[in-house]
Amino acid sequence: MAWKYLCASILLWVIACSVLPASSEKLLRVGLKKNPLDFNSIKAAKAARVQGKCGKGANNKLGDSDTGIVSLKNYLDAQYYGEISIGSPPQKFTVIFDTGSSNLWVPSSKCYFSIACYFHSKYKSSKSSTYTKIGTSCSITYGSGSISGFLSQDNVGVGDLVVKDQVFIETTKEPSLTFVLAKFDGLLGLGFQEISVEDVVPVWYNMVEQGLVDEPVFSFWLNRDTNAEEGGELIFGGVDPNHFKGKHTYVPVTQKGYWQFEMGDFLIGNSSTGFCEGGCAAIVDSGTSLLTGPTTIVTEINHAIGAEGVVSTECKEIVSQYGNMIWDLLVSGVKPDEVCSQVGLCFFNGAAGSNIEMVVEKDNEGKSSSDPMCTACEMAVVWMQNQLKQKVVKEKVFDYVNQLCEKIPSPMGESTIDCNSISNMPNVTFKIADKDFVLTPEQYILKTGEGVATICVSGFLAMDVPAPRGPLWILGDVFMGVYHTVFDYGNLQIGFAEAA
């Protein structure tokens, strides 16, 4: 599953743009303008891709090489998108460049019954001399709606590069309000072919195969400066040394599909949360606006920054009824992932232990980890174990866990905070390749509105991904805006460096 969360933040960057003179490298650069946005559009900007189907049933510098540069628009500091073209003569579209999916889709001129299509540019195959009909039906389902249409083939322009004979989806149905309000027409996936619907060859693969780039590398620079005119740049074929400071830290891709790697511990202030000490899977996803992580950790973050979520009755019930038993088992040396099964709250076909899972199919027998009491127990175990390591007395541990229960995020995962308390909040740290990648409160708290209407939103969303994919972190634009990111397809690695 590719989980897309297109959520809250600050500014809307409008489609109006101006083409600047090309450099000696013949690279297209686009100037951007921005307009303020009200907070009400935030709710409709969230989506999660869960299903797709079709069918009948490294550090390369910019130089003299061919490199495509696409300037990016910035929507809410949450969606970064740029311009492409399809067909001959070219028909222009704005798309999200999404490393968490692999297909290209834009609205079709044959989209008659979806309101969203009337607010966005539509592809007209009859106007293109390079169009080839395919016609295979396709659909992609999202948490807030779906898109459906059919496959077609045509030339696709990205920056000053033209990819010939690219297969893409013409959408004929976009029923969700998300797409009505979206400031982009479509989506261009930059993930691996392994997750491409109908196994369509992604645009990026064809760029490499057709020799349009000298090096199989692309890189993102997302400009988080709210006063800047430029939203960012996506560069195909290399990196721009002006976009980062120092050297990149590289980690290998651990599983093709998404740009996935192994992440180490996660710290709040100087304290380990303990949840990822043994490693957690993480993906870098330019199509996700915020940072998503396990509910257990996001709840601890909420407690540390004073974010408000919903009170979990099950969580407090665990502390009151099972707290002493859980404490005794942990003190006696029982492994944390076996505690809840021994207490009798989690059963998995006779096998003890699990990762916290909130999105998972139910087991045929016993309580699965999607059971509220089981989930609450597993979170409580992690929190208690963490406090035990710090040699905190039992009464204080129980009090701390009860406080965390009150900070469990709301059902949609989001949390708001007091804007006046940002200066007192802790830094958070991701351990990647044994190096610290720090985010300050100013970097992980997002603001929208002005004056008394200002609202501050935590940059962390709670999302539990089941094993074997999870536990999983998704590092979206909040992270990529702070750390310039290189996607090295040739060497199957990802690089991070401080953004300039």
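**Close-up views of a predicted model**

At 44% relative accessibility, Glu498 counts as partly exposed, a class that lies between buried (under 20% relative accessible area) and exposed (over 50%), using a 1.4 Å probe and protein chains only. This is a predicted model, in which local features need pLDDT of at least 70 and side-chain atom pairs count only at pLDDT 80 or more, while totals for chains, interfaces and linings use all residues. Residues are numbered from 1 along each chain as its sequence is written, and side-chain values use heavy atoms, leaving out hydrogens and water.

**View 1. Lys245 and Glu498 form a salt bridge.** Here the N to O distance is 3.7 Å; a salt bridge is a side-chain nitrogen of Lys or Arg within 4 Å of a carboxyl oxygen of Asp or Glu. Lys245 belongs to strand 17 and Glu498 to strand 31 (residues 493–499), so the pair ties together parts 253 residues apart in sequence. Strands (E, at least two residues) and helices (H or I, at least four) are DSSP runs, numbered from the N terminus. Lys245 is partly exposed too, with a relative accessible area of 46%.

**View 2. Glu194 pairs with Lys256 in a salt bridge.** The closest N and O atoms are 3.6 Å apart. These partners sit 62 residues apart: Glu194 in the loop between strand 14 (186–189) and helix 2 (203–209), and Lys256 in the loop between strand 17 (244–252) and strand 18 (260–263). Lys256 is partly exposed, at 37% relative accessible area.

**View 3. Asp436 forms a salt bridge with Lys431.** Their closest N and O atoms lie 2.7 Å apart. Asp436 is partly exposed at 40% relative accessibility, and Lys431 is partly exposed at 28%. A search of the whole structure finds three salt bridges.

**View 4. Gly157 is buried in the model.** Look for this glycine in strand 12 (residues 145–158), where its relative accessibility is 8%. Setting aside residues up to four places away in sequence, Gly157 touches Ile84, Ser85 and Val162, contact meaning heavy atoms within 4.5 Å.

**View 5. Helix 6 passes helix 7 in a right-handed crossing.** Right-handed means that the near helix is turned clockwise from the far one by less than a right angle, left-handed anticlockwise. Ala380, Trp383, Met384 and Gln387 in helix 6 meet Val397, Phe398, Tyr400, Val401, Leu404 and Cys405 in helix 7. The residues of this contact divide into nine nonpolar, one polar and no charged; Ala, Val, Leu, Ile, Met, Phe, Trp, Tyr, Cys and Pro count as nonpolar, Asp, Glu, Lys and Arg as charged, and the others, Gly among them, as polar.
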